[in-house]
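This report describes selected strands and aromatic contacts of the structure shown below.

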Amino acid sequence: MDRRTFLSRAGTAACALSPLALPRTALATATATNAAPAAPAALGPLLLNRIGPSASAVYIANADGSGERKLIDSGTLDYNASFSADGQWLVFTSERDGLGNSNLYRMRVDGSQLERLTEGPAVEDAGVFSPDGSQVAFVSTRDSLLANIWVLDLKTRRLRNLTGVAALQGRPESPNGFFRPSWSPDGQWLAFSSDRNTDWKGHHDGAGWEHTQELSIYVMRADGSGLRQVASRKAHCQGSPKWSPDGRRIVFYETLAEYTYWVLRPDLLLKIDSQIVSVDVASGARTVHTSGPGFKISPQYRGQDEIVYRRKGGPEDGLYSTVSGQPVVRLAGLRTPSWSADGRQLVYEKFTWRGWKQNQPLYSWDPQREYRYTDVWPAFSKDGWMVLTAKHEDGSVDVMRPDGSQRRRVYDVTRQSGLDPTLVRRGLGGAFFPVWSPDGEWIVFGVGQWFTQRGKGRARLMRVKRDGTGLEQLTDDSIFNAGFPSYSADGQAVVFRIANEDPNSASLGGLAVLDLATRQVRRITQGYDNMPIWSPDGSRILFNRGVRIPGSVWSNFDLYTVRPDGSDLRRLTDHPASDGHAVWTPDGRQILYNSGQAGYRDEACHYDQTFQPYGQLFVMNADGSGKRQITDSIWEDSTPQYVPSR
């Protein structure tokens with residue numbers, strides 16, 4: 001079903017504002033109301049960058065790896081499949097209704113009787129059948145925009161939110177997500193992981209931008225009563241619980257919470273470990289079933305005395321057993337394995353990372369706009385041309401029409417930058433954050449080393465004419481690392497971020513303004529500041545600031561504005577989760593940004609190469625009022641920009 005058909009079924013009269021723009025308590029009503037079909041999109045598209053696989057398909061095989069065959073392939077994204085207890089059915093997640101919109105489907109293991117189980121704009125994922133096959137427990141963001149455990153009765157289609165009730169939610173400022181449900185063998189209980197009542201903490205002991213995830217294991221009755229924490233360990237992540245056949249124990253993986261960021265990075269994954277642990281549900285007694293290196297995940301009982309699991313990443317990636325002498329099962333590209341109840345079959349998905357095409361259509365949560373994929377940091381000239389960083393390629397600067405046509409390269413990192421190709425391939429070096437001059441004749445950008453490299457290597461400001469001629473360096477070695485520039489409204493100055501030389505912390509030195517005529521630099525802030533953007537009318541500068549939590553190394557990253565002379569500092573966001581990637585809308589009345597405040601949609605350890613899997617897009621008024629969420633995918637959505645209406 002295409003987006004327009006979905007919106008007509010979901011009720012577009014109630015969705016004159018997107019369902020994500022409504023109060024959380026109104027979301028269920030808005031998505032269930034019948035109304036007239038949606039009007040055609042009236043506003044310019046929303047461009048966004050999404051970090052995730054370009055496609056995935058579900059496979060089935062014998063438990064020893066033989067007989068592998070592709071079972072589900074919609075041509076989009078299909079994942080997180082699991083068996084019914086009798087082995088006759090599968091429930092799985094699919095984005096065939098629009099990339100970014102995940103719904104639950106079921107089908108027989110022979111591929112017949114495909115049926116949609118959920119429908120709506122919310123995330124629906126990680127479904128599991130009850131032992132008698134009459135219900136499905138799953139993760140959903142409907143009602144609250146937070147990940148909760150829901151149960152669907154397959155006969156009546158009645159839905160129940162088990163964890164979203166006020167009495168079970170943690171502190172309002174905590175992540176408050178519930179993930180990966182699992183039924184007890186008697187169907188009376190559910191186990192799941194949750195980060196409720198934990199802190200939004202960055203990596204590297206809290207100092208980093210990306211968050212880590214601390215999870216504990218909980219159980220509750222299938223009617224939503226009796227919530228109880230059965231396993232927890234400070235500064236650790238415990239996830240993906242599964243019951244033993246006799247219902248007395250629950251098995252899960254356990255790792256340091258710090259590693260929930262490391263596991264997302266291919267260069268760090270092989271340096272970390274996790275172990276497979278089980279707990280006695282009644283007494284809480286722990287048993288550690290594995291030891292040694294390797295990131296172990298997705299455990300499941302296969303019989304009362306054997307636990308099988310995946311070791312993730314590197315040459316040792318494969319399926320292992322706690323029973324001595326069992327051979328390793330290696331199936332290239334396998335993710336999130338799930339075994340049938342009799343242990344004879346295995347279902348899993350394989351991701352494809354081809355990269356997405358510029359302007360790839362995405363699911364839209366707004367009936368007034370199309371959503372499209374873009375490479376990072378798109379910006380528009382006064383005559384409607386777009387510039388962006390071609391990070392998917394090599395970090396060069398490209399210009400094009402808004403629809404992606406007439407694309408041409410105006411700065412080639414490979415030929416012109418002299419940067420280390422290894423850093424460029426890893427996304428740590430390149431030409432970043434290109435922005436047009438007000439007259440549309442110049443493009444200013446930073447060239448050098450970025451992110452974790454910014455205190456170790458240099459970066460400078462450059463500008464080039466829109467036809468690729470006239471390349472000019474704007475800053476010299478008096479500033480160690482200059483980046484993220486933005487033109488003033490009159491075109492006479494550029495604001496940018498300074499990073500000081502500091503190999504240990506890559507500290508930032510605040511914001512500065514470069515006078516293009518005199519090449520004089522004046523500091524306007526001294527904070528842990530980044531990504532400044534001049535407002536269209538030139539009156540204010542929008543930026544991101546990391547503020548140290550008192551008595552801690554932890555930083556909370558929020559959005560601020562300031563006058564160009566450094567006065568009248570105003571804070572626009574104050575949620576404990578990170579806010580960033582902010583840009584002004586073309587009219588300067590609103591601000592688009594990325595935030596983690598809606599929490600994770602899944603356990604972080606199941607993601608690959610997705611460093612901020614909790615990031616959703618928001619919009620707010622220029623004074624910080626009227627905040628509302630405008631995406632709700634399981635992926636990282638960032639670097640938004642509205643295409644100006646013409």
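In β19, T287 is the bridge partner of S278. This contact belongs to the antiparallel pairing of β18 with strand β19 (residues 286–288), which comprises three bridges. The model is a predicted one. Five residues lie between the two strands of this hairpin, and G284 adopts a positive phi near 85 degrees.

Strand β17 (residues 249–256) also runs antiparallel to β18, and six bridges join the two. Within that pairing, Q275 in β18 stands opposite E254.

Strand β18 (residues 275–280) is mostly covered, with six of its six residues buried. The cover extends to both faces: Q275, V277 and V279 are buried on one side, and I276, S278 and D280 on the other.

Strands pair in a sheet through backbone hydrogen bonds, in either a parallel or an antiparallel sense.

Three bridges connect strand β2 (residues 55–62) with β3 in the antiparallel sense. Here V58 stands opposite I72 in β3.

## Aromatic pairs around F351

The count of aromatic pairs comes to 29. In one of them, the ring centres of F351 and W353 are 6.3 Å apart; their planes stand at 70 degrees, over the 60 required, and therefore the pair is edge-to-face. F351 also forms an edge-to-face pair with W635, at 6.1 Å centre to centre and 65 degrees between the planes. This second pair links distant parts of the chain: F351 lies in strand β24 (residues 345–352), whereas W635 lies in the loop between β46 (628–629) and β47 (636–642), 284 residues away.

Which of these residues are buried and which partly exposed? F351 has a relative accessible area of 15% and is therefore buried, the limit being under 20%. W635 is buried as well, at 4% relative accessibility. W353, at 35%, counts as partly exposed.

## Other ring contacts

Ring pairs also link W377, F432, F433, W450, F451 and F484 into a cluster.

Charged groups sit over rings at two further sites. The charged end of R96 is placed over the ring of Y105, 4.9 Å from its centre. The charged end of R463 sits over the ring of W442, 4.1 Å from its centre.

Definitions and conventions:
Residues numbered from 1 in each chain as written. Predicted model: local features only at pLDDT ≥ 70, side-chain atom pairs only at ≥ 80, totals over all residues. Heavy atoms only, no water. Pairing = 2+ DSSP bridges. Helix = DSSP H or I, 4+ residues; strand = E, 2+ residues; numbered from the N terminus. Buried < 20%, exposed > 50% of the residue type's maximum accessible area, 1.4 Å probe, protein only. Phe/Tyr/Trp six-rings, centres within 6.5 Å; stacked < 30°, edge-to-face > 60°. Lys NZ or Arg CZ within 6 Å of the ring centre and 35° of its normal.
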